[in-house]
Amino acid sequence: NPPNHWSVLRKKVQPVDKALAHFDDFYKQVFQKKWISIREGLLSKQKYVAVVNNYGDSEETRVQLELNGALNLRILFNLEKDYIKEELQTHSRKKLLDQISYLDRKLERESQKVSLKENEDDLLNSSIDARECSLQSSLNSADIDYTRIIDSKNALSTEKLNEFVPATEIKGKEDFIFESTHYKMFDKHLNIYCYEKDNKTQFDGATKSSTGVTNYYLMDGGSILPVLALDLKPGSKMLDMCASPGGKSLLALQTLYPNLIVTNDISHSRVQRIKSVFKEFIYDFDENWLKSGKIHISNRDARFIEDKIFDRILVDVPCTTDRHSLKENDNNIFKPSRIKERLKLPELQAELLFNALNIVKRGGIVVYSTCSLSPIQNDGVVGMALRKLWEETDYNAVVKDLTPALLQTRSVYNIAHPNLVKLGHLVLPSKSQNYGPTYFCKIQKI
Ligand code: SAM
């Protein structure tokens, strides 16, 4: 039969089929029953969030997005904080009532005819006030100390505890040193919009601002988390090692915090792509940003960058791009001609992360991220890079457990249980909330 005869075409296994067969084989073992819904998500339309461009008409854009029914993630996360607070309060009330009835019985047994009933409300109120006060201050302070929520875990029932804060204990059993992080999940300058769970509305095309830049851009909802995990501060000096097309660097710029962002990519053509993305979204990019040196675009193999000036490094590595590999045959990493490259990915990823940990300033933060579900490319690579750091350098680093901070994102993201992902965190796709996959792990050099 001729090569494009239907019988030949039908039998030809395409790279997307190879990818699916590989994932079915490998991920079913890892995610078990959950794999069905993850697979469904991966094969259906991806969901985006809209990042308002602070260098455009941001106020008008926010109003328009809200009129279209989109929700501001910052507000959703804050609401979630209130629910968490309420749940804790309910649990403290219940615990107190239990204590009171125990006391009641004890007093009765000792035949002391004291009526606790009269004091019950006062006792409850004063105690709840105290807990409320400490929660209030921790939840409302600028830099929220989520470790306090962990401290309050005694007030929670066992099931609640598993649902809320399982990671610390489980992770503590690993060879790695963990610290629970307390970081402000959402920065005040960031306005990112989404549609709620099950709402499949798509964002309209963004308009141009009065200065000619585009007013918002779309990203996979999962992709914002690695940037938030960087915990940028005013004056931060950031390196985005594998930056093209530049979505995450652009998000970092929206915080208005960094003094310097170096966006790097090994591929010359992809570096050109970063430039065109920045020009589309940042007014007066060449004159104001490039010339002033606030943004520097570089074209190097990030494994060999030696500058030790950065306190924030994002390592958003090349990976099997699981969602993409199931959709596009062109340039697919599951093509037979790319087998070697695919098998060598974890090694390359670990070298990139190792170099980031090596060059970041002490006290600085490195976030490693992928858009793959593969435990080897995710926790596996983090483990490899840390071991190499410990074996070959005098540096030390800790993995930051973001579970407490991620509690407030639970209405938006489907985050994998810590039994599945021990070092970092993983956003799992599903049909109802189709973000990700995004794996990210926050590491601090100490
Ligand atoms: N961070 C980007 C974003 O959010 O828009 C996506 C990055 S993409 C997942 C990975 C990038 O890594 C590709 O653009 C690829 O060219 C680049 N890359 C691959 N190997 C590299 C290396 N050794 N050094 C620097 N960049 C590399």
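A polar contact is a pair of N or O atoms within 3.5 Å. The views below come from a predicted model.

View 1. The side chain of D301 places an N or O atom 2.9 Å from a ligand nitrogen. A302 takes part through its backbone: one of its N or O atoms lies 2.9 Å from a nitrogen atom of the ligand. I266 also uses a backbone N or O atom, 3.3 Å from a ligand nitrogen. On its own, the ligand has 600 Å² of accessible area; the protein covers 87% of this.

**View 2. A shell of 20 residues surrounds the ligand.** The closest are D265, R270, D301, A302 and D316. By class, the shell holds 9 nonpolar, 5 polar and 6 charged residues.

**View 3. The largest nonpolar core has 48 residues.** Six names mark the members that touch the most others: M241, I313, V315, L353, L373 and V382. Helix α16, residues 345-359, gives the most to this core. Its share is 8 residues.

**View 4. Contacts of L353, with neighbours within four places in sequence left aside.**

**View 5. Another core lies apart from the largest one.**

Technical notes
Residues are numbered from 1 along each chain as its sequence is written. This is a predicted model: local features need pLDDT of at least 70, side-chain atom pairs count only at pLDDT 80 or more; totals for chains, interfaces and linings use all residues. Side-chain values use heavy atoms; hydrogens and water are left out. A residue is near a molecule or strand if one of its heavy atoms lies within 4 Å of it. A polar contact is a pair of N or O atoms within 3.5 Å; within protein, one must be able to donate a hydrogen and the other to accept it, and residues adjacent in sequence count only if both atoms are side-chain atoms. Accessible areas come from the Shrake-Rupley method with a 1.4 Å probe; for residues, only the protein chains shown count as cover. Ala, Val, Leu, Ile, Met, Phe, Trp, Tyr, Cys and Pro count as nonpolar, Asp, Glu, Lys and Arg as charged, and the others, Gly among them, as polar. A nonpolar core is a set of buried Ala, Val, Leu, Ile, Met, Phe, Trp, Tyr and Cys residues joined through side-chain atoms within 4.5 Å. Buried means under 20% relative accessible area, exposed over 50%, partly exposed in between (1.4 Å probe, protein chains only). Helices (H or I, at least four residues) and strands (E, at least two) are DSSP runs, numbered from the N terminus. Contact means heavy atoms within 4.5 Å.
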